[in-house]
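This report describes the helical packing and selected residues of one model. Please read it alongside the sequence and the coordinates.

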Amino acid sequence: MLAFIQTGGFFMWPLMACSILTLAIIIERFWTLRKASVAPNGLLSDVMTRLRDDRMTLDYIRSMQTRTGLASIFAAGLLNSKHGRSAMKESVQEAASHVIHELERFMNTLGTIAAISPLLGLLGTVVGMIKVFSVLMESGAGNTALLAGGISEALLTTAAGLGVAIPALIFHRFFSRRIDELVVTMEQQSTKLVDALHGDREKIGVAQ
């Protein structure tokens with residue numbers, strides 16, 4: 001591996017750093033964006049059961065605040081539910097914006113790596129070809145060792161740049177789609193909670 005990097009020249013080192021960072025982000029995002037962690041299926045039914053049985057306590061709400069994702073959104077809404085639908089909805093939206101920000105962490109970095117890796121590879125290719133033409137100008141085509149070195153550097157950096165960029169782009173799209181799905185789920189669940197606490201009351205008010 002070290003010989004491979006040395007053959008590719010200087011630009012292999014930033015590409016190597018990009019590949020390590022990409023792998024770390026992918027592993028972290030897979031762990032963070034688990035649906036069971038962000039928007040567990042049974043959370044809404046548990047909250048609704050506690051509300052119906054009058055077992056909703058402040059300690060339970062505080063425990064939800066310490067969790068990530070939908071639980072923290074529910075906690076914000078429940079703490080402000082007594083102030084009316086509007087206040088509850090605003091608190092839910094504010095908490096959701098913080099949650100979405102956390103879900104999108106490192107996504108810009110992953111997208112940037114997908115964009116710059118081919119450029120770094122291309123830059124390494126250009127430098128390698130410059131070396132090839134410099135050898136041709138100085139020694140002619142007879143110095144095959146130096147020519148091969150420049151050509152190898154050009155080809156290796158191109159391959160490395162694409163090898164980093166393609167997985168980064170694929171997982172950037174994959175995680176973006178997963179985040180969109182989680183956001184839609186959290187929005188639906190939060191709306192159901194708000195409607196359950198204040199929907200019927202407002203309908204009665206309009207009827208009167």
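In which helix does V126 lie? V126 lies in helix 8, which covers residues 107–139, where helices (H or I, at least four residues) and strands (E, at least two) are DSSP runs numbered from the N terminus. The model is a predicted one, in which local features need pLDDT of at least 70 and side-chain atom pairs count only at pLDDT 80 or more, while totals for chains, interfaces and linings use all residues. Residues are numbered from 1 along each chain as its sequence is written, and side-chain values use heavy atoms, with hydrogens and water left out.

**Overall make-up**

Among contacts between residues at least 6 apart in sequence, 74% join residues at least 24 apart; contact here means heavy atoms within 4.5 Å.

**Helix 8 and the annotated spans**

V126 is partly exposed, with a relative accessible area of 40%, and its C-alpha atom is separated by 9.6 Å from that of T157, 31 residues apart along the chain. S117, also in helix 8, counts as buried because its relative accessibility is 0%. Leaving aside neighbours within four places in sequence, S117 is in contact with L15, C18, G161, V164 and A165.

An unreviewed UniProt entry places the feature "transmembrane region" at residues 12–31, 110–133 and 145–171; UniProt positions are given in the numbering used here, feature names are shortened, and annotations may be inferred rather than shown by experiment. In the model, residues 12–31 are 100% helix and 0% strand, with end C-alpha atoms 29 Å apart. Residues 110–133 are likewise 100% helix and 0% strand, and their end C-alpha atoms are 35 Å apart.

Helix 6 (residues 70–79) is mostly covered, since nine of its 10 residues are buried, namely L70, A71, S72, I73, F74, A75, A76, G77 and L78. Two packed helices are described by the angle between their axes and the distance between the axes. The axes are lines fitted to C-alpha atoms, for helices over the stretch in contact, and angles run from 0 to 180 degrees between N-to-C directions.

| Helix pair | Angle | Axis distance |
|---|---|---|
| Helix 5 (residues 58–65) and helix 6 | about 140° | 7 Å |
| Helix 4 (residues 43–52) and helix 6 | about 25° | 11 Å |

The angle makes helix 5 oblique to helix 6, whereas helix 4 is roughly parallel to helix 6; angles under 35 degrees count as roughly parallel, over 145 as roughly antiparallel, 65 to 115 as roughly perpendicular and the rest as oblique.

On the helix 5 side, L58, I61, R62, M64 and Q65 meet A71, S72, F74, A75, L78 and L79 of helix 6. By class, this contact has eight nonpolar, two polar and one charged residues, where Ala, Val, Leu, Ile, Met, Phe, Trp, Tyr, Cys and Pro count as nonpolar, Asp, Glu, Lys and Arg as charged, and the others, Gly among them, as polar.

From helix 4, L43, L44, V47 and L51 meet L70, A71, F74 and L78 of helix 6. The residues of the contact of helix 4 with helix 6 divide into eight nonpolar, no polar and no charged.

Methods
Buried means under 20% relative accessible area, exposed over 50%, partly exposed in between (1.4 Å probe, protein chains only).
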